[in-house]
Structure formats: C-alpha cells, structure tokens
Amino acid sequence: MDVSYRSASPILFGVIVLARLDDGPQTARWLTPAQRDEIVSALRPSNTGSMPADNGIFSVLRQRVVRIMIVICFCQAVCNYGIVFWIPTLVAQVVHTTPATIGFYTAIPFLASIAVMTLNAWSSDRHAERRWHLAIPLATVAASLVAGFFLQSYGLVALCLLSVALAATLCVTSMIFTLPGLFLRESELGSGLAWINSLGALGGLLGPYGIGWMRDHLANPMAGLLLVAACALMGAAVTLLLPVHRN
C-alpha cells in the first residue's frame with residue numbers, strides 16, 4: 001500500500017501543478033496587476049520580447065519535430081528498459097550455466113557499452129552530427145536482436161549479439177536528448193523536453209511487460225526480442241525524419 005501511494009504521488013502532484021501553476025507572470029493570479037506589469041516590463045528586453053505570442057504548455061505539441069522526438073523517445077524506452085530489465089534472463093537462456101556465472105556473463109554487455117558509448121559520442125562531436133549517430137545505433141539494436149533470436153542456440157554468439165544490442169541501446173540513451181536543443185527555441189525547451197520525456201517514457205512499460213507477456217504466451221522464450229527489435233527499427237526510421245539542419 002505504501003509503495004502504491006509513493007508511485008501515485010508524483011502523478012497526483014503533476015496534475016495539481018498542471019492545473020494550478022501559471023504559465024507566466026502575465027497570468028499569475030497571485031500578483032496584483034501592477035506587479036504583473038512591472039515583472040513583464042523587466043523581463044521583456046531579455047526574454048519575453050523574443051517569445052512567441054502562443055507559448056502555452058500545449059502549443060509546443062503542434063511542432064512536428066516534438067512529435068517525432070516523442071516517438072523516438074518511446075522506442076528508446078522500449079529498448080532500454082526491455083533489454084536492461086531482461087538481460088540476466090536472456091543471458092541465462094543462451095548460456096546455460098550456474099547463477100553465479102550468469103552474473104559474470106551479464107556484466108560483459110555493460111563493459112562493452114562503456115567503450116561503444118564513448119566512441120559514438122566522440123564521433124558525434126567530431127563530426128557535429130546527431131541524427132545518424134542516433135539512427136545507426138537504433139538500427140544496430142534491431143539487427144542484433146533479430147540475429148540473436150535466430151542464433152539463440154549458439155550460446156556465445158547469442159551472448160555477443162546481446163552485448164551489441166545493449167551497447168547500442170545505451171548509445172541511444174546517451175544521445176537522445178542532444179537533439180531537442182537543435183530544433184527548439186530556448187522558450188520552448190522546457191515544455192518540449194517535458195512532453196518528450198513524459199510521453200516517451202511510456203515505452204518503459206511496453207518493453208519489460210511486452211517481453212514478459214511474449215515469453216509467457218508464445219512458444220519461444222526469446223520471442224520478446226522481436227518486439228524490441230521492431231520498436232528499435234521504427235525509432236531508426238523516424239529519426240531520419242528529423243530536419244538535417246538546425247532551425
């Protein structure tokens with residue numbers, strides 16, 4: 001009961017804040033008209049003068065780039081939470097050994113991720129490029145998981161493919177929030193990032209539960225990899241819909 005209460009509290013307070021928090025000094029009900037005018041006047045030269053007239057919390061959702069980023073973030077969450085949550089079980093499925101040894105094998109994908117994430121970030125900064133450094137890891141997740149599904153009977157090969165999938169997934173996780181700042185104005189970043197992160201994070205439900213459901217209801221216990229692979233492939237395709245240049 002206590003755990004359920006703690007889980008529901010952020011949602012409850014989020015609804016209260018959305019309903020009660022004013023969008024800016026212009027609409028702040030707890031300020032007098034004179035105070036509102038004074039604050040708006042003081043802010044105008046550096047901030048509000050360059051802000052669009054329609055800067056409500058929902059207005060940013062009308063931007064195509066924000067909707068694309070929500071889909072990408074959703075696919076990333078499916079991959080990240082799905083693979084990270086199930087990696088010990090998946091490793092045990094392809095490498096049949098003792099629980100203690102499985103723990104050591106499970107560390108291999110995370111160790112590989114350190115080098116891969118560093119190289120991907122270095123390459124992205126060196127070439128000043130973000131889209132392909134996000135799309136290619138997502139496509140790599142899809143390819144390695146599909147290959148791992150069909151080669152699951154080859155223990156060490158399947159383990160290597162799972163390592164590649166996890167490393168590529170963590171590359172996506174480290175890169176994804178470098179993109180919104182390229183396309184959104186400073187006045188839009190707060191609400192844009194909030195929508196992208198909150199709606200995209202719903203993929204964190206589909207990943208673990210989807211893999212679990214497919215393990216329970218389909219004949220092959222590794223079938224859940226195909227669900228994650230499909231989401232990764234969709235994320236890679238949608239990433240290429242983003243504009244090439246900064247707005």
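The expected span of a helix is 1.5 Å times one less than its number of residues; helices here are DSSP runs of H or I with at least four residues, numbered from the N terminus.

**Entry 1, ground rules.** I am working with a predicted model, where local features need pLDDT of at least 70, side-chain atom pairs count only at pLDDT 80 or more, and totals for chains, interfaces and linings use all residues. I number residues from 1 along each chain as its sequence is written, and side-chain values use heavy atoms, without hydrogens and water.

I looked up H6, which runs over residues 155–175. Its 21 residues reach 30 Å from first C-alpha to last, close to the expected 30 Å. I found H6 mostly covered, with 15 of its 21 residues buried (buried is under 20% relative accessible area, exposed over 50%, partly exposed in between, with a 1.4 Å probe and protein chains only).

I took a side-chain nitrogen of Lys or Arg within 4 Å of a carboxyl oxygen of Asp or Glu as a salt bridge, and the count came to two. Arg130 pairs with Asp125, their closest N and O atoms 2.9 Å apart. Arg130 is partly exposed at 22%, while Asp125 is exposed at 52%. Glu188 pairs with Arg185 at 2.5 Å between the closest N and O atoms. Here Glu188 is buried at 9% and Arg185 is partly exposed at 46%.

I noted a nonpolar surface patch of about 530 Å², whose members include Phe150, Tyr154 and Leu226. Patch residues have over 30% relative accessible area and no salt bridge, with nonpolar side chains (Val, Leu, Ile, Met, Phe, Trp, Tyr) joined within 5 Å and like charges within 9 Å; areas come from the Shrake-Rupley method with a 1.4 Å probe, and for residues only the protein chains shown count as cover. Phe150 lies in helix H5, residues 131–150, and counts as exposed because its relative accessibility is 59%.

Notes
Helices (H or I, at least four residues) and strands (E, at least two) are DSSP runs, numbered from the N terminus.
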